Amino acid sequence: MAPRRSARRRQGHRTRRLAVLLIAIAAGLGVLPGAALAAPAGQQLNAADAALLDGVRLAGLWEMPAGQMAAEKGQSPVVREIGAEIAKQHEELDRLTVAAANKLGAIIPTEPTAEQKGWLGEMQNARGARFDQIFVTRLRVAHGKIFPVVAAVRASTRNPVIRELAEATNTFVNNHMTMLESTGLVRWAELPPAALPAPGEDGLLAAASANTPPQLGVSSALVWLVFLAALGTGGVATWRMLRRT
């Protein structure tokens, strides 16, 4: 009876070892190339996406008080009306920007830059027609600079939240430029030239997409190597156990 029991124990051990090997092989199948090993690319922020978030937020932080000043102290009725409307629209755009940043877990500025604070100080110290001219000039130049950046990020971003924010920003910025131009105070000769792409290059689009970070993942070749090694080891061990049986 003892030899039979020993044989049964050996057979049970071999069965369990075979099961473990089959489980290991199955685990190797679970990491074949094509498995979702990283977060979807559309949900990741690159440097251009983050720059858009920061830029739109900063624009609101100084243009809201600038518009409010224009509504209160602008000499021209048109400037006062436009200032109030720009401040109102920037409040809405700022709300959209903060909501997008919260959804993406991004940290955005909470106060204007030193340069933007200087522009606000310049407006606070100006009166009458001089104030109107400074208000229109500063805001028109600022909107003209961010307008192509918004378009470039909209065209290249992989992130749907940033894409939606860029579309909203594009509408607001275009409206603001049109309103500022309606004052007749825009000094066209002083506007900076357009940043056109160089021949054979994508210009702003290339700059926006070049900052895309590498996607986290596992090399397909490495996965196949691990899988084939596990499969080969398991197959040899299984053949040996079956032969002994």
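In which helix does His-143 lie? The residue belongs to α5, and it makes a handy way into this predicted model, in which local features need pLDDT of at least 70, side-chain atom pairs count only at pLDDT 80 or more, and totals for chains, interfaces and linings use all residues. Residues are numbered from 1 along each chain as its sequence is written, and side-chain values use heavy atoms, with hydrogens and water left out.

Overall, the chain has eight helices and zero strands, where helices (H or I, at least four residues) and strands (E, at least two) are DSSP runs numbered from the N terminus. Read along the sequence, that gives the pattern α-α-α-α-α-α-α-α. The chain holds 245 residues, and 32% of them are buried; buried stands for under 20% relative accessible area, exposed for over 50%, and partly exposed for anything in between (1.4 Å probe, protein chains only). The accessible surface comes to about 14,600 Å², with 59% of it belonging to carbon and sulfur atoms. These areas come from the Shrake-Rupley method with a 1.4 Å probe, and for residues only the protein chains shown count as cover. As for contacts (heavy atoms within 4.5 Å), 83% of those between residues at least 6 apart in sequence join residues at least 24 apart.

Back to His-143, which is buried, with a relative accessible area of 2%. Leaving aside neighbours within four places in sequence, His-143 is in contact with Glu-63, His-90, Val-173, His-176, Met-177 and Leu-180. Met-177 is 34 residues from His-143 in sequence, yet the two are 6.6 Å apart in space, C-alpha to C-alpha.

Next come the nonpolar cores, each a set of buried Ala, Val, Leu, Ile, Met, Phe, Trp, Tyr and Cys residues joined through side-chain atoms within 4.5 Å. The largest has 20 residues, and Trp-62, Met-123, Phe-135 and Leu-139 touch the most other members. At least two residues of this core come from each of α2 (47–73), α3 (77–104), α4 (114–124), α5 (128–156) and α6 (160–181). The top contributor is α5, with six residues. Not counting residues up to four places away in sequence, Leu-139 touches Trp-62, Glu-63, Ala-66, Ile-86, Met-123 and Leu-180. Another core lies apart from this one and has 19 residues, among them Leu-53, Ile-108, Ile-146 and Val-153.

A side-chain oxygen of Asn-46 reaches to within 3.0 Å of the backbone nitrogen of Ala-48 at the start of α2. At 1.5 Å a residue, the 27 residues of α2 should span 39 Å, which agrees with the 39 Å between its end C-alpha atoms; the expected span is 1.5 Å times one less than the number of residues. There is also a kink of about 25 degrees at Glu-63, shortly before the proline Pro-65. The bend at a residue is the angle between axes fitted to the seven residues ending there and the seven starting there.

At 2% relative accessibility, Leu-52 counts as buried. Beyond residues up to four places away in sequence, Leu-52 touches Val-150, Val-153, Ile-162 and Ala-166. Its C-alpha atom is separated by 9.9 Å from that of Ala-152, 100 residues apart along the chain.

The loop between α3 and α4 holds Ile-108, and Pro-109 lies in that loop too. Ile-108 is buried, with a relative accessible area of 15%, and Pro-109 is also buried, at 19%. Setting aside residues up to four places away in sequence, Ile-108 touches Leu-53, Asp-54, Arg-57, Thr-97, Val-98 and Ala-101, while Pro-109 touches Asp-54, Arg-57, Leu-58 and Leu-61. The C-alpha atoms of Ile-108 and Asp-54 are separated by 5.6 Å, with the residues 54 apart along the chain. For Pro-109 and Leu-61, 48 residues apart along the chain, the C-alpha separation is 8.8 Å.

Finally, Thr-183 has its place in the loop between α6 and α7 (204–209). A polar atom of the Thr-183 side chain lies 2.6 Å from the backbone oxygen of Leu-180. Thr-183 also touches Val-78, Val-79, Ile-82 and Val-136, not counting residues up to four places away in sequence.

Definitions and conventions. A polar contact is a pair of N or O atoms within 3.5 Å; within protein, one must be able to donate a hydrogen and the other to accept it, and residues adjacent in sequence count only if both atoms are side-chain atoms.
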